[in-house]
Amino acid sequence: YTPCRCSRKPPPVCVPMATFSNEELLQAHTELWDLTFGYLKSMALECAIKLGLPNAIHRCGGAATLPDLLDAISVPERKKAHLPRLMRFLAAFGIFTVNAPAAEECADGEKASAVYGLTPVSRLLVDDAGANGSCGSLSPFVLSQTTRYHVKAAMHLPEWFMSDDGAAAVAMPFRMAHGTDLWGVMGRDPKMNQVFNAGMGSDTQLAMDFVIGNYGDVFEGVTSLVDVGGGTGSAARAIARAFPHVKCSVLDLPNVVNSIPPDGVVEYISGDMMSSIPNTDAVFLKYIMHDWNDEDCVKILTQCKKAIPESGGKVIIIDIVVGSPLKAMLEAQVSFDLLMMVITAGKERDEHEWRKIFMDAGFSHYKTRPILGFMAITELYA
């Protein structure tokens with residue numbers, strides 16, 4: 001190493017492996033392997049859902065042996081021998097519980113089979129999880145986020161970071177991978193459109209059941225509400241059912257709302273939130289702002305401010321506020337942020353970043369409360 005003559009900085013120092021204890025080295029090596037193969041977790045989770053494993057265990061009364069599962073799911077005969085390995089993987093990462101067989105042999109000489117059960121995570125994947133007042137299944141949400149479009153886009157992340165050629169330099173990895181954004185893909189692929197909307201609907205059901213049950217006071221004094229970017233209307237219908245006196249509408253793009261049949265509960269309005277939002281007591285924005293950059297968020301909030309009355313009007317935002325003190329919650333928040341980097345031009349924001357766009361849009365008063373662990377609900381007042 002030959003340092004520059006004008007530099008007084010010492011050369012960089014490589015920390016030798018010898019400075020690690022054996023325990024630290026082995027732990028670091030294990031963690032690196034776990035991170036390297038982390039993509040297999042989401043792929044195995046998708047596989048479990050498509051095979052119907054959570055439903056199969058549920059139908060067996062919440063506990064199922066491998067023979068029970070093989071009887072319940074449809075796989076070719078020659079693939080059945082691989083199911084124990086998949087189940088072992090899923091149990092190791094907390095998707096299922098497993099009670100290992102006893103050491104002794106059964107009477108017929110065959111070893112007793114392991115018994116698999118549902119965990120709180122896999123209970124969320126059961127199709128009739130909405131029974132008895134509980135939240136609905138989140139299997140559609142998982143499938144909406146593990147599509148080939150998402151995976152291929154994520155694989156373009158290094159290329160996107162290193163690219164400096166024209167449009168590729170500013171486009172998100174998703175556009176680099178597919179030649180258009182997520183909404184463009186949904187417009188040309190009806191199946192993807194259906195999968196994505198079903199996923200958003202399932203997650204909305206859980207979120208809204210929780211919000212209405214625990215934070216219903218945010219809708220006090222509201223007689224009309226517009227769910228901006230509300231898709232098929234899952235959130236608006238939940239609000240209308242819980243608060244029948246509130247007139248609920250959904251504003252979304254023509255290709256989203258034009259095919260939705262009237263239901264007598266929610267009014268569907270075709271439009272562009274960047275241009276105009278119908279007058280209302282409250283504007284509702286759930287998982288919308290993180291799709292957009294700061295400049296576009298200010299435009300959206302400016303239209304929201306025009307739509308609500310100066311006295312008593314509010315904007316209700318459900319989104320992530322990055323900065324949870326809990327490791328698991330923070331990991332979920334920053335994972336969502338990286339997802340936004342891959343598939344949109346938006347991002348997840350911390351409290352300071354949220355405050356800036358609120359102020360830039362002309363709002364001066366707001367209140368934020370954490371909900372659902374890593375999510376938050378914010379009330380913006382005109």
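This is a predicted model: local features need pLDDT of at least 70, side-chain atom pairs count only at pLDDT 80 or more; totals for chains, interfaces and linings use all residues.

Student: Okay, how many helices and strands does the chain have?
Tutor: There are 17 helices and eleven strands in the chain.

Student: And what share of the residues is buried?
Tutor: Out of 382 residues, 41% are buried. The chain exposes about 21200 Å², and carbon and sulfur atoms supply 58% of that area.

Student: What about contacts between residues at least 6 apart in sequence: what share join residues at least 24 apart?
Tutor: That share is 61% for this chain.

Student: New topic! How many salt bridges are there in the whole structure?
Tutor: A search of the structure turns up 15 salt bridges. Side chains of opposite charge can pair when their charged atoms come close.

Student: Can you show me one? Which residue does Lys 80 pair with?
Tutor: Its partner is Glu 77, and the closest N and O atoms of the two are 3.2 Å apart.

Student: What does Arg 369 pair with?
Tutor: Arg 369 makes a salt bridge with Asp 217, with 3.2 Å between the closest N and O atoms. Arg 369 sits in strand β10 (residues 365-371), while Asp 217 is in the loop between α12 (190-215) and β4 (224-228), so this pair ties together parts that lie 152 residues apart in sequence.

Student: Which residues are linked with Asp 217 in a network of salt bridges?
Tutor: Asp 217 is linked with Lys 314, Lys 367, Arg 369 and Glu 379 in such a network. Asp 217 itself is partly exposed, at 33% relative accessible area.

Student: Nice. And where does Asp 294 find its salt-bridge partner?
Tutor: Asp 294 meets the side chain of Lys 347, with a distance of 3.6 Å from N to O. Asp 294 belongs to helix α15 (residues 294-307) and Lys 347 to the loop between α16 (327-343) and β9 (349-350), so here the bridge ties together parts 53 residues apart in sequence. Asp 294 is partly exposed at 30%, and Lys 347 is partly exposed at 26%.

Student: You mentioned a site from a record. Which residue does the "active site" annotation cover?
Tutor: In UniProt, an unreviewed entry puts that annotation on His 290. You'll find His 290 in the loop between β7 (282-286) and α15.

Student: Is His 290 buried or exposed?
Tutor: Buried: the relative accessibility of His 290 is 5%, and the cut-off is under 20%.

Student: What does His 290 touch, leaving out neighbours within four places in sequence?
Tutor: Its contacts include Asp 319, Phe 336, Met 340 and Lys 347.

Student: One more: where is Asp 34?
Tutor: Asp 34 is in helix α1, which covers residues 22-36. With a relative accessibility of 36%, Asp 34 is partly exposed.

Student: And which residues does Asp 34 touch, not counting those up to four places away in sequence?
Tutor: Asp 34 touches Lys 41 and Phe 93. The side chains of Asp 34 and Lys 41 are also joined by a polar contact of 3.5 Å.

Notes: Residues are numbered from 1 along each chain as its sequence is written. Side-chain values use heavy atoms; hydrogens and water are left out. Helices (H or I, at least four residues) and strands (E, at least two) are DSSP runs, numbered from the N terminus. Buried means under 20% relative accessible area, exposed over 50%, partly exposed in between (1.4 Å probe, protein chains only). Contact means heavy atoms within 4.5 Å. A polar contact is a pair of N or O atoms within 3.5 Å; within protein, one must be able to donate a hydrogen and the other to accept it, and residues adjacent in sequence count only if both atoms are side-chain atoms. A salt bridge is a side-chain nitrogen of Lys or Arg within 4 Å of a carboxyl oxygen of Asp or Glu. UniProt positions are given in the numbering used here, feature names are shortened, and annotations may be inferred rather than shown by experiment. Accessible areas come from the Shrake-Rupley method with a 1.4 Å probe; for residues, only the protein chains shown count as cover.
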